[in-house]
Amino acid sequence: MNSQGRHFLQIPGPSPVPERVLRAIGMPVIDHRGPEFQKLGREVLDGCKSIFKTSGPVIIYPSSGTGAWEAAIVNTLSPGDRVLMVETGHFATQWRQMAARWGIEVDFVDGDWRHGVDPSVVEARLAEDRAHSIKAVMVVHNETSTGATSRIADVRKAMDQAHHPALLMVDTISSLGSCEYKHDEWNVDVTVSCSQKGLMLPPGLGFTAVSKKALAASKSNKLPRSYWDWEDMLKANTGGSFPYTPSTNLLYGLREAIALLLEEGLDAVFDRHQRLAAATRAAVRAWGLEVLCQEPLDYSPVLTAVLLPDGHDADRFRKIVLDKFNMSLGAGLSKLAGKVFRIGHLGECNTLTLMAALSGIEMGLDLAGIPHQAGGVMAAMASLKELGNTRENTLKVAMA
Ligand code: PLP
């Protein structure tokens, strides 16, 4: 194994943690019931609002993203409730399983794991539900297993067109801080997220941003909860505290990560992700390989999943890249295992990080004997040169 130089963590999360954030996390542990913590608590609870683009509460749990999913379900739904989900990939499927375990009846729209949510299907399903028995539409914004990003503003439009009162719950676990997202403007009721992807923190924080409608639902829903209860959290949060011991040091990191994102400017952050993603797709095509996502409108700014030709094992390829170049690439998940590898280009990733990662992949394709053409790295460089740094150019190529 080659352990020279720094490790290239090019999986679609957890993503590398910037030095400034690591240093912030290294602060001495403080009394979580003291005045210094309350100030920190208030700062991060307020700061999160600018990232979720909401004026409402954002609840922070010491948990992974899955904990935040559970919080979204147990605070809003009741056993026997019907919800609508779309099979965008592995994570949408996991969400379905969790809801089923809580006694929720899931209408699961079949998908081929190569597209995001089709808003017209959501509209049609909701229009059929004249009795309004569907209580929530639950979708994954960026399907990390496939590299397809669903158009949440269009999903909201579809719900409005159908005049359906269901709650809209969105998993932004791998999109928040990397893709444009507007909790309030898109009228999302619960946005679920976590720390270890676009927020550039280690794993360990889960988030739910909550609308007034979701809060109202939490007053009368019937699922039991204790640790995840929004009411207890919100009561304590008014003073900057938490009802149980929070992840103090991760919250120091969160304060720094929010500052980093706002210093760069969220629009600039999103544009950077689009440019890196377009360059990655240019490389994949030049190699003669296939981008898994088949809908250009849904191309992910966060990661690119690459299909290998039949008979070539993506896990063997990833092992060669790890052994030779000290770089981790994302594995194919569940039914995509061995068939795809995933390139993360999120968080603290810049032009040169990406160019290095693509070089490692191109050399790895050679070593693994995977049929491809040379020149992916050159194609990525040409794409980055062409895109430059302007917002206009970036928007033009988001779908390229
Ligand atoms: N949803 C999506 C889209 C994810 O990418 C992940 C993890 O990668 C999860 C849910 C599960 O989150 P966690 O592993 O933080 O519990």
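## The ligand and its contacts

In this predicted model, a backbone N or O atom of G65 lies 2.8 Å from an oxygen atom of the ligand. Side chains also take part: an N or O atom in the side chain of T66 is 2.4 Å from an oxygen atom of the ligand, and an N or O atom in the side chain of Q196 is 2.8 Å from an oxygen atom of the ligand. On its own the ligand has 390 Å² of accessible area, and the protein covers 85% of that area.

The residues that surround the ligand include S64, G65, T66, W69 and F91, and also V140, N142 and T144.

The model contains an open sheet of 7 strands, arranged in the order 2-10-9-8-5-3-4, with mixed pairing. Strand 2 (58-61) and strand 4 (105-109) stand at the edges, and because each has a single partner strand, one side of each is left without a neighbour in the sheet. From one strand to the next, the twist averages 20°.

Within this sheet, strand 8 (residues 167-171) pairs with strand 9 (residues 190-194) in the parallel sense, over 3 bridges. In strand 9, T191 is the bridge partner of V170.

## Helices on the sheet

Helix 2 (residues 35-52) packs on the sheet, where it touches strand 2, strand 9 and strand 10 (206-210), and its direction makes about 115° with that of strand 2. Helix 4 (residues 90-101) also packs on the sheet, touching strand 3 (82-86), strand 4, strand 5 (134-140) and strand 8, while its direction makes about 160° with that of strand 4.

Definitions and conventions: Residues numbered from 1 in each chain as written. Predicted model: local features only at pLDDT ≥ 70, side-chain atom pairs only at ≥ 80, totals over all residues. Heavy atoms only, no water. Pairing = 2+ DSSP bridges. Helix = DSSP H or I, 4+ residues; strand = E, 2+ residues; numbered from the N terminus. Axes fitted to C-alpha atoms, helices over the stretch in contact; angles between N-to-C directions. Contact = heavy atoms within 4.5 Å. Near = heavy atom within 4 Å. Polar contact = N/O pair within 3.5 Å; in protein donor to acceptor, adjacent residues only side chain to side chain. Areas by Shrake-Rupley, 256 points an atom, 1.4 Å probe, with all protein chains shown as cover.
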